[in-house]
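Q: I'd like to learn how to read a protein model. Could you take me through it step by step?

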Amino acid sequence: MIKEIDLYTQGWINYYGIGDMKSFIKSVAHWLNHRLRQLCWKRWNKVSTKFRMLRKYGIEKEEAWKVANTRKGYWRMTRTHTLHRAITKKKLVNWGLKDLNQLFQQRYLSY
């Protein structure tokens, strides 16, 4: 899935990157990271899985239990500080997602 996203984003940057799009790419990258966090949160369907994965990614036991048992929606939960600490931008890059800001800078701002 991440490879497909990378292919589309690279093509998109190559096609639309000619204009002054730095702020737009930054907002799209922010939204994409948010959406990927939501997908991870959805995959961890059960409370026990959410708790286990949050603990695995370094969240304290009490805080992980609170977040795992919440009734808030997926999109709203991915705005929490806890999920941002658990699924960082660095982790997304390590999982294979390419950073849109970096791709744009390499392609158009290196001249």
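Q: Which residues line the largest cavity?

A: First, the general idea: rolling a probe the size of a water molecule over the atoms shows where empty space is left. Here a cavity is, on a 1 Å grid over the protein atoms alone, a set of points where a 1.4 Å probe fits but cannot get out, and lining residues have an atom within 4 Å of a point. In this predicted model, the largest cavity is lined by Ala 29, Leu 32, Asn 33, Lys 89, Leu 92, Val 93, Leu 97, Lys 98, Asp 99 and Leu 100. About 70 Å³ of space lies inside this cavity, where a volume is the space filled by probe spheres set on the points, with grid points joined across faces, edges and corners. Counting cavities of 30 Å³ or more gives one.

Q: Before we go on, what should I know about the numbering and the model?

A: Residues are numbered from 1 along each chain as its sequence is written, and because this is a predicted model, local features need pLDDT of at least 70 and side-chain atom pairs count only at pLDDT 80 or more, while totals for chains, interfaces and linings use all residues. Side-chain values use heavy atoms, with hydrogens and water left out.

Q: How many helices and strands are there in the chain?

A: You read these as DSSP runs, numbered from the N terminus: helices are H or I with at least four residues, strands are E with at least two. This chain has eight helices and zero strands. Its C-alpha atoms fill a box of roughly 50 × 20 × 20 Å along the principal axes.

Q: Back to the cavity: which helices each supply at least two residues of its lining?

A: Those are H2 and helix H7 (89-94). By class, the cavity lining divides into six nonpolar, one polar and three charged residues. For the classes, Ala, Val, Leu, Ile, Met, Phe, Trp, Tyr, Cys and Pro count as nonpolar, Asp, Glu, Lys and Arg as charged, and the others, Gly among them, as polar.

Q: What about the largest pocket, and what volume does it have?

A: A pocket is an open set of grid points with protein on both sides within 12 Å along at least five of seven lines. The largest pocket has a volume of about 200 Å³. Its lining includes Met 1, Leu 36, Trp 44 and Trp 95, and the largest share, four residues, comes from H2. The classes here are ten nonpolar, no polar and one charged.

Q: Which residues of helix H4 are buried?

A: Buried means under 20% relative accessible area, exposed over 50%, and partly exposed in between (1.4 Å probe, protein chains only). An α-helix has 3.6 residues a turn, so residues three or four places apart point the same way. In H4 (residues 61-68), the buried ones are Ala 64, Val 67 and Ala 68. They cover an arc of only 95 degrees around the axis, which puts them on the same side of H4; the arc is that of the directions from the helix axis to the C-beta atoms. Covering them are, among others, helix H2 (22-43), helix H3 (47-56), helix H5 (74-77) and helix H6 (81-86).

Q: And which exposed residues sit on the face turned away from that buried side?

A: Glu 62 and Lys 66. Their relative accessibilities are 58% for Glu 62 and 56% for Lys 66. These two also form a salt bridge, with the closest N and O atoms 3.7 Å apart. They are four residues apart in H4, so about one helical turn separates them.

Q: What is a salt bridge, and how many are counted?

A: A salt bridge is a side-chain nitrogen of Lys or Arg within 4 Å of a carboxyl oxygen of Asp or Glu. The count here comes to three. Arg 85 forms one with Glu 60, the closest N and O atoms being 3.2 Å apart. Arg 85 lies in helix H6 and Glu 60 in the loop between H3 and H4, so the pair ties together parts that are 25 residues apart in sequence. Arg 85 also meets Glu 63 in a salt bridge at 3.1 Å, N to O. Glu 63 lies in helix H4, so this pair ties together parts 22 residues apart in sequence.

Terms used
Contact means heavy atoms within 4.5 Å.
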